[in-house]
Structures are given as C-alpha cells and as structure tokens.
Amino acid sequence: MATLLIPGTAHPAPHTPHTPPRDGALSVWPASTVPLADGDLAVGGVSLTELADRFGTPVYLLDEAEVRARCRAYREAFPEAAVLYAAKAFLCRAMAHWAAEEGLGLDVCSAGELELAVTTGFPPEHIVLHGNAKSPYDLQAALRLGVGRIVIDSPSEIARLAVAVPEGSRQKVMVRVAPGIAAGGHAKVRTGTDDQKFGLSLTDGSAHHAIARILDQPHLELVGLHCHLGSQITSAKPYLAAVRRMVGLLARVREQHGVTLPELDLGGGHGIAYRPGEPVLDIAALGPRLRAELADSCAAAGLPVPRLIVEPGRAVVGPAGVALYRVLAIKRTGHRTFVAVDGGMSDNPRPALYGVRYAPRLVGRATTAPPTTTTVAGRHCEAGDVLAGEAELPGDIRPGDLLAVPVAGAYHLSMASGYNLVGRPPVVAVADGRARLLIRRESLDDIRGRDVGL
C-alpha cells in the first residue's frame with residue numbers, strides 16, 4: 001500500500017509554533033518580525049514600508065521560513081503519521097513546493113487545487129481529494145492524475161466513483177464520518193455533528209451502511225476512515241473523543257465484515273491566535289496525546305494501530321501571513337471612529353462571515369499619540385465590510401498611513417472575491433531579506449478578458 005509521506009529536504013528551522021512569544025504585541029506575528037526605526041517592522045528581513053511601496057497595497061506577504069518551520073513542527077509532533085497540508089487554506093505553486101520539500105502530503109477539495117499541485121510537480125499519490133459535492137470533473141481529474149485517496153462523503157458518490165474507475169484498476173478511498181462531536185470556534189465551522197452537510201453519520205448508521213456498500217465494489221479499495229470536527233479548535237479533548245468513537249467504528253467493521261482498515265484520518269481544524277492572548281492548540285502536546293489515546297483504544301478493542309493522518313492548513317500558513325493596507329479616509333460619527341482602507345471583504349471576508357477579530361498595527365510612522373478604539377472598514381458597498389472592529393490604533397491615524405494585519409496567511413486570498421470589480425491582491429514571499437512575487441495582482445485587463453459578451 002502506498003504511503004502518504006514524502007521525504008523532506010533539510011532546511012534551517014528558526015522556531016516552532018509552540019515557541020513562547022518574545023514580545024506581547026508581536027506574539028501573533030511571524031517569528032522573524034523585528035521592529036525598525038520610525039515605527040516600521042521587518043518580516044523575513046524585509047521592511048514592510050518598502051514592500052508596500054514596491055508592490056502596492058493591498059498586498060499579502062508570506063514568510064517562507066515561518067511556513068517551513070510550522071511544517072517541520074508537525075513532522076516532529078506526528079513522527080509516524082502522514083501530515084497533509086490542507087490546500088484550501090492557501091495554495092499556489094510555491095506553497096505546494098514548500099510543503100513537498102518539508103515532507104507533507106496535500107489535501108485538496110477540487111480539480112483546480114489538484115491540477116495546480118500536480119502540474120507544479122507535487123506527487124499525486126500523496127494527495128487526498130475531499131468534498132461533500134464532488135463534480136464529475138473533480139472525480140475524473142482525480143482518477144486521471146492518479147490521486148492517492150478519495151474521501152467519499154455521500155452514498156451517491158459510491159456508485160458514481162465506482163463506475164468511473166478504469167477497468168482493471170482500483171481506487172483507494174476513505175469514508176468521511178460525522179462522529180457526533182461539536183467542536184470549533186464558530187457554529188459555521190463545526191463539521192463533526194450530524195446537522196451539517198459533511199460526512200456520514202455515525203449515530204444513525206449511515207457511515208456503516210456506506211462502508212458495507214464500498215466493500216462490495218470491486219473497483220474501490222477502502223483503506224480507512226476520515227473525520228473532521230471543525231475549525232479553530234483549541235483543546236485536545238474533542239480529538240481524543242473522536243479517536244475513541246472512530247476506533248469503535250473500526251472495531252465494528254472488523255467484527256461484521258472481517259476487514260481491518262489500516263488508516264485513520266482525524267482531519268485538521270487546529271486553532272491559532274489572531275490577537276495576542278487568544279488560546280491556541282498546542283501541537284507539540286497534541287501529537288503524543290493522540291498517539292497514546294489511539295494505542296490505548298486499539299488495545300482495548302483488540303485492533304492493530306492504524307496509521308494516523310492529520311490535515312493542518314490554517315495552523316501552517318495562517319501565522320506566516322501579513323496583509324498590508326493604505327488608509328484612505330478617517331470618519332468620526334458620534335462616539336465611533338472609522339478608518340477606511342483600500343481593501344476589505346473582497347480580500348478578507350472572514351470578519352463578515354464569522355466575526356473574526358484581528359489586531360491591525362500602524363507601521364512606517366512613529367507616533368506618541370495615545371491609542372483610540374477604531375473600526376477598520378473596507379472600501380466595499382456593504383455596511384458589514386469591516387476588517388477589524390474595536391481595533392486599538394493611534395489617535396492621530398490619518399490618510400496615507402500604512403496598516404499591517406498579522407495572521408493573514410489562511411483563508412484570505414483563497415476566499416477572495418471580485419466584488420465591486422476590485423482586483424485580488426498579490427502575494428509576496430519574504431525570506432533572508434528578499435521579497436519575490438508569488439502571485440501577481442489581478443488587473444483590470446484580467447477582469448475585462450473574462451467578459452466576452454455584448
């Protein structure tokens with residue numbers, strides 16, 4: 001059976017995600033962040049002011065060393081597991097390359113993510129395809145490119161996939177199980193319960209029924225079970241509970257079908273801090289606790305220990321990113337101060353979707369003005385277009401100032417839209433004092449080029 005582990009290439013790792021913060025105000029920033037003169041900051045050895053001047057704003061920067069260090073920390077915390085980077089958090093050719101070099105596999109949710117990774121050179125056998133509603137094109141691309149695993153998420157997908165597999169071959173699959181565990185930082189990102197669109201219920205028997213059907217399909221090879229509890233989980237307890245329930249299902253499969261499944265995928269959802277002082281999931285502690293719980297549960301059930309798979313996304317790339325904006329206008333209404341910037345919900349919809357709170361910072365100008373509570377608003381035609389509510393910024397904030405928002409590496413560009421025909425920002429990698437463009441800014445020519453009707 002093919003493994004999901006890619007041999008990594010050695011690179012110096014400056015820190016791991018559980019390193020204690022060196023400065024309270026910068027605790028959620030990349031570890032390479034250094035204060036400079038005149039209120040500026042450097043990330044990866046690159047001045048934020050110079051980067052904004054060179055590439056314009058809005059712009060995302062990504063600290064390559066931070067990404068690599070976080071990949072490495074997962075390999076250390078889960079030395080015998082397969083660690084798959086969840087591409088939905090952020091994907092580009094460079095990100096796929098970094099993940100492969102650091103020994104991670106890939107978890108994708110569409111033919112687009114899959115084909116970008118494979119055409120970059122990522123080994124398809126180390127890729128897992130997810131999705132609650134995979135299109136025929138998604139499944140055809142997965143089979144054509146030789147994806148390592150396909151996670152079945154609904155009964156209808158079983159027959160659809162089975163008839164698509166070429167004659168004389170078998171496709172390795174897993175079953176996504178909803179284990180009935182509520183966990184996650186917001187109701188909209190809790191995916192382990194029965195009352196949402198993902199997975200097959202453990203409670204009502206849907207998961208076991210799907211397993212039985214798959215085992216009867218000669219073109220499908222069931223290699224394991226999958227579950228994903230949600231996002232922004234900061235406690236190990238839900239994962240430990242998931243291990244116990246999933247091992248119970250593994251035992252039932254062996255008892256009723258005589259099949260011992262060799263893999264167990266516990267998904268991701270590992271919580272990170274967006275503002276100083278917020279809780280995070282301790283990855284270094286989670287790995288040993290999960291392994292111990294899995295070993296104990298399997299011993300009690302008389303099962304061999306399956307290979308563990310985890311799928312971090314946000315926890316790998318989120319803290320490595322910073323978004324930069326220019327202040328366009330200041331507006332004071334009653335007791336509220338609005339700071340309007342040149343971006344908004346088209347480049348970061350998360351505050352509008354989930355009420356996520358960020359900690360923007362003035363950079364590039366020294367000031368002694370006392371802080372004031374402000375609302376950092378976007379430029380779009382929505383009252384809910386707010387990037388940071390109750391943000392503490394200097395009282396003399398003014399148009400032309402540069403604002404930097406840390407923890408901007410995950411679910412910003414990947415969820416960006418074309419609202420108001422504002423082009424999506426570029427992504428710039430910083431490392432060793434150099435900045436290089438990974439994804440260029442979306443231009444008006446790009447937008448016009450897609451419009452073919454008159």
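**Notes on a predicted model**

1. The lining of the second largest cavity divides into ten nonpolar residues, three polar residues and no charged ones. The model is a predicted one, and the points below should be read with that in mind. About 70 Å³ of space lies in this second largest cavity. Its lining has 13 residues, and those nearest the centre are Tyr60, Phe90, Ala408, Gly409 and Val427. Strand S4 supplies the largest share of this lining, with three residues.

2. Rolling a probe the size of a water molecule over the atoms shows where empty space is left. How many cavities of 30 Å³ or more are there? The count comes to five. The largest cavity has a volume of about 100 Å³. Among the residues that line the largest cavity are Lys88, His228, His270, Glu311, Arg314 and Tyr411. The lining of the largest cavity divides into four nonpolar, five polar and three charged residues, whereas the lining of the second largest cavity has no charged residue.

3. Tyr60 stands opposite Val427 in S20. The strands concerned are S4, residues 59–63, and S20, and they pair in the parallel sense over four bridges. S20 also pairs with strand S21, residues 434–439, this time in the antiparallel sense over five bridges.

4. Is S20 enclosed by the rest of the structure or open? Strand S20 covers residues 427–431, and five of these five residues are buried, so the strand is largely enclosed by the rest of the structure. Both faces are covered: Val427, Ala429 and Ala431 are buried on one side, and Val428 and Val430 are buried on the other. The hairpin of S20 and S21 has two residues between the strands, and Asp432 in this hairpin takes a positive phi near 55°.

5. Some backbone angles deserve a check. Most residues other than glycine have a negative phi, and most peptide bonds are trans. Val407 is not a glycine, but its phi is positive, near 60°. Val407 sits in the loop between strand S19, residues 402–406, and S20. Its relative accessible area is 1%, so Val407 is buried. Glu390 is another residue that is not a glycine and has a positive phi, about 55°. Glu390 lies in strand S18. At 53% relative accessibility, Glu390 counts as exposed, whereas Val407 is buried.

6. Which peptide bond is cis? The bond from Thr57 to Pro58 is cis, with omega near -5°. Pro58 is in the loop between helix H1, residues 48–55, and S4. S4 is the strand that pairs with S20 in the parallel sense.

7. Side chains of opposite charge can pair when their charged atoms come close. A search of the whole structure finds 20 salt bridges. In one of them, the side chains of Glu390 and Arg357 meet at 2.9 Å, N to O. This pair links distant parts of the chain: Glu390 is in strand S18, while Arg357 is in the loop between helix H11 (350–354) and strand S16 (361–363), 33 residues apart. Arg357 is partly exposed, with a relative accessible area of 35%.

8. Salt bridges that share partners join Glu64, Arg68, Arg72, Glu101, Glu102 and Arg436 into one network. Within it, Glu64 forms a salt bridge with Arg68, and the closest N and O atoms are 2.9 Å apart. Both residues lie in helix H2, residues 64–77, four residues apart, which is about one turn of the helix. Glu64 has a relative accessible area of 14% and is buried. Arg68 also counts as buried, at 7% relative accessibility.

9. The salt bridge between Arg275 and Glu278 is listed at 3.5 Å, N to O. Arg275 is partly exposed, with a relative accessible area of 21%. Glu278 counts as partly exposed too, at 28% relative accessibility.

10. Where is His380? His380 is in the loop between strand S17 (371–377) and strand S18 (386–394). Its relative accessible area is 7%; the limit for buried is under 20%, so His380 counts as buried. Leaving aside neighbours within four places in sequence, the contacts of His380 include Gly343, Met345, Asp385, Tyr419 and Val422.

Notes
Residues numbered from 1 in each chain as written. Predicted model: local features only at pLDDT ≥ 70, side-chain atom pairs only at ≥ 80, totals over all residues. Heavy atoms only, no water. Buried < 20%, exposed > 50% of the residue type's maximum accessible area, 1.4 Å probe, protein only. Pairing = 2+ DSSP bridges. Contact = heavy atoms within 4.5 Å. 1 Å grid on protein atoms, 1.4 Å probe; cavity = no way out; pocket = protein on both sides within 12 Å on 5 of 7 lines; lining within 4 Å. Points joined across faces, edges and corners; volume = space filled by probe spheres on them. Nonpolar A, V, L, I, M, F, W, Y, C, P; charged D, E, K, R; others polar. Salt bridge = Lys/Arg side-chain N within 4 Å of Asp/Glu carboxyl O.
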